[in-house]
Amino acid sequence: MYVTARVSQQEPFEWRELHFLELNFPGEDFKSWASGEPLQRGLFTGSQDGIRCSRWGALIDGANAIGMLRAGRLLFHDGRGHYGTYLHARSAQAWQPWKGTEREYSAWLWIGSRKNPEEAIREADRELPTDARVIVSVQSLHAQIEASRRRVSKKSQRPSRRPFEFSDCWHVALASQLAAQGRFAEAAAILRGRMPESWTAVTAGQLNLLLEHTGDGMRVQSLFDSGRQRELAASEPTPLFSLTFRRPLPEARTRDKTQPSPGRTGGSPPPGQTEQLDEIQLVADAGWQRVTVQRADRNGAVEIRWQRPRDARLAGVEVRARVVPDGKANAIRWSLEVRNPSNQWSLWQVDFPQLAVAELGEDGCVLFPRGPGEVQRGVWRRAFRYFGTYPSGWTSMQFFAAYDGWGESGVYFGSHDPVASTKQMLLASRPQDRSIVLAFQHPVPDMGRPANRFTLSGRAVWQLLRGDWFDAASIYRDWVRREARWYPELTADGRADTPSWMKELPVWVVGGGPPKACVPAVKQFARFMGVPVGFHWYNWHQIPFDNDYPHYFPAKDGFAEGVQELQAANVFVMPYINGRLWDTRDRGLDDFEFTSVARPAATKNEKGEPYTETYGSKESDGSRVRLAAMCPSTRLWQDRIGSIVQRLFGRYGVKGVYIDQIAAAAPKLCFDPQHGHSLGGGHWWTAGYWQLLEKIRRRKPADRMLTTECNAEPYVRWMDGYLTWHWQHDRQVPAFPAVYGGAIQMFGRAYRGGETKDLALRMKAGQQLVFGEQIGWISPNVVREKQNVAFLKQVVGLRWRFRRYFCAGRMERPPRLTGEIPRVRADWQWSGTWWVSTDAVLAGAWRLPREGKLVLLFVNASDRPVTATLCFDASAYGLSSEKLRAVRITARGSAGEPQFDQSAAESIPARFERSLSFPPRTAWAWEMSDR
């Protein structure tokens, strides 16, 4: 059912709010909700919470459902049994002021009964007609715009040197945008060089920002690339910031009992704010009585102040933003401060910055930091959403990038936060207007306490991007090396605080249990490979896995002797422990020490209850093991983990300890005031782990190392290795190695079964080699698979031969191959069936800058030979000579010491195109030197 509504009035009277299509059910008619995309579900419990979604949403009661589709930003309210359960269309506009004479709305309704109503609604959403934009213009204005466009195209593309004035090409783009919005008079004025008084321009080289005063707020009108004459900002902007206020937590509340509780009086909040009982939202572009802009210095910096919210309950709340242009870098850097003097409201979350990016061509790309980094194409035209909490293994770094398919124009969108504060990162598509939204969402320190305030940690950065994901990673890498507190000190040989054996280690096996079950197989693998091997030893303890933590001792019988036997065979042993969890029933079915010892140091939610997690482990009675997440800032947890690690180093002589989950799991928003950290948000989580790990590193022997799960960046300085077993996604790129190659060793993929496991093995091992990872994290029993182990031996041999590049060098842009390169596809079995596609030929480049050396690595993972053309320019890799010395090296796959076939050295030009042959199931390298 297609629903339309037209609102009209004869005179432009201002309405404080305007609602469309709100379905409210005051009883208990609906038990659950669903939304997409991706599909999400939840139950209505009467929590009074608001749930927001963008593509579609549905109220569900068994097989019956009412859904809204293509209805803007949707809002559920969980008022079951109280205020009411409702679904609200166009909620982002409902509380914004309107003073026009006519406005139209539309939405689709799905009402029906199906066995699986969520899937029926999703199918309906896919079948709806696509949106189309109709632009009405004035012929004379259109002619002026086209004439101006032709005139500009003849001029030099140099950006204007006049600060705070438009370049000619920006004039034309803005006029086109205004004409499309029906603002014809303003479009004609801008062509004559007249800027509306409500506009403020900030110019940073070829990146041009335009801010528009809306009357009661400020919004982004334009983000323009003058070098490529391209508008980067979407025509429908998203608020620059959004503030969420909540009532203080009970123990922190100092409420004036003479004032009514908001949300229970039946009224609606003022424009620019949405309210769900004890929650108020305030946005940048509406809801303010005073907004001022002033130039802050001669370099073009601007300071914006939002003051006097229209809602008297937020009296005194003020927001200050500073916008600093960097012309040399084509970058705009933001700072933000929110002042909240209210004793009745706590600032809970700050979403800043938020930017809606226009479509950058049909092949437009977005980079986001899942695992090593992932690139998706064409998300402007399809439903797509990425949301993750930083820092964690699935949100490993603090930046996005959006760019066109040719790498000519795009935007780098980053948070340069040197202390790695907890934040959420959002990338969401809006196919209806061909845009995507990028945002950082910050849980506020001392959330729940009244009169708290927020200061953005570090700077938010919008920077012009010339290139692709690698260029975006390079921008972030340069900042990390300058300012990030977690970046380690590097010498000419890489990290001095990581033992050489760990930096050079080429391969890992994984296994566990008693020594008799694993030691012989690991030794056999090491003999076959003929190189040092790392062994990740699980279940070395007598307690079950993921049960009775952290009581790991005593170890299984013979563990100490097994460690000695393996390390005598050139195998470096690394046992498993967990760095986050304490079992709530930590001696079988009994609460041994959790309540009496651990509970005070466990993370707590707003109600003061410990956060607990369950995995696959079960107690002896069949119930799930429930594990509490411990707070890293507490002395108890720091001392407990430290003592376990020291005992393994000392009594058992292991060479490394794997401390699970630290760089994998997202921070908990802990609300226990006894822990001494700020409540909820802030950077205390990472600071707590820094302190914990620093204590261990000060005490450990110099030849020992630490690793953890996944690759959240803030722990790089305190870890020697990251287990990258989760780098399993389609379209992933090595953005993380591009930033951190040489600063930490990355190792391991999950090698699993399935009908295509042999191809999957070659794809994973090949990708590991070119990404710079230590190979494997594989079962030692792979030696029984003749073809697989022969291929693995080649890759491991090359990793060993060129090990210095990965511990003392840096990753460079992967070499570009052209021609008919086939794709290969295999089930990687990451989580059930898990198809991943890559090029048949995988390529990577690593450089030793101080030594003038470069190695290009190539792996053909397919069963067929491939021929492709390499386009090479030595200057792109920092090699300055006109002639290079080059040697081709191939590793053999037989047992024993690594054997290599090496071509005679040849002299090659610094720039060339050459046809190369890649035999099936082979890996080889081309080492070049300019000295």
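## A helix and its cover

Buried here means under 20% relative accessible area. With that cut-off in hand, take helix α11 of this predicted model: W637, Q638, I641, G642, I644, V645, Q646, L648 and F649 are buried in α11. An α-helix has 3.6 residues a turn, so residues three or four places apart point the same way.

What sits over those buried residues? The cover includes the helices α9 (559–568) and α12 (684–699). Strands also take part, among them β33 (571–578), β34 (581–583), β37 (656–660) and β38 (705–709). As for geometry, α11 runs over residues 635–650, and its 16 residues at 1.5 Å each should span 22 Å. The end C-alpha atoms are 22 Å apart, so the helix agrees with that expectation.

## An open sheet

Next up is a sheet of 6 strands, which is open and pairs antiparallel. Reading across, the order goes β16-β15-β21-β28-β27-β24. The two edges are β16 (279–283) and β24 (385–390), each of which pairs on one side only. From one strand to the next, the twist averages 15°.

To pick out one of the residue pairs, Y386 has L427 in β27 as its bridge partner.

## Salt bridges

The structure has 53 salt bridges, and a few deserve a look. R219 pairs with E212, with 3.0 Å between the closest N and O atoms. In this pair R219 is partly exposed, at 25% relative accessible area, while E212 is buried at 6%.

D703 and K655 form another salt bridge, their closest N and O atoms being 2.8 Å apart. This one links distant parts of the chain: D703 is in the loop between α12 and β38, K655 is in the loop between α11 and β37, and the two are 48 residues apart. D703 is partly exposed at 29% relative accessibility. K655 has a relative accessible area of 19%, which means it counts as buried, given the cut-off of under 20%.

## Strand to strand, and a network

Then there's E812 with R847, whose side chains meet in a salt bridge at 2.8 Å, N to O. E812 belongs to strand β42 (residues 810–812) and R847 to strand β46 (residues 841–848), so the pair ties together parts 35 residues apart in sequence. Are these residues buried or exposed? E812 is buried, at 5% relative accessibility, and R847 is buried too, at 13%.

Finally, salt bridges can join up: E359, E362, R381 and R434 are linked in a network of them.

Methods
Residues numbered from 1 in each chain as written. Predicted model: local features only at pLDDT ≥ 70, side-chain atom pairs only at ≥ 80, totals over all residues. Heavy atoms only, no water. Pairing = 2+ DSSP bridges. Helix = DSSP H or I, 4+ residues; strand = E, 2+ residues; numbered from the N terminus. Axes fitted to C-alpha atoms, helices over the stretch in contact; angles between N-to-C directions. Expected span 1.5 Å × (residues − 1). Buried < 20%, exposed > 50% of the residue type's maximum accessible area, 1.4 Å probe, protein only. Contact = heavy atoms within 4.5 Å. Salt bridge = Lys/Arg side-chain N within 4 Å of Asp/Glu carboxyl O.
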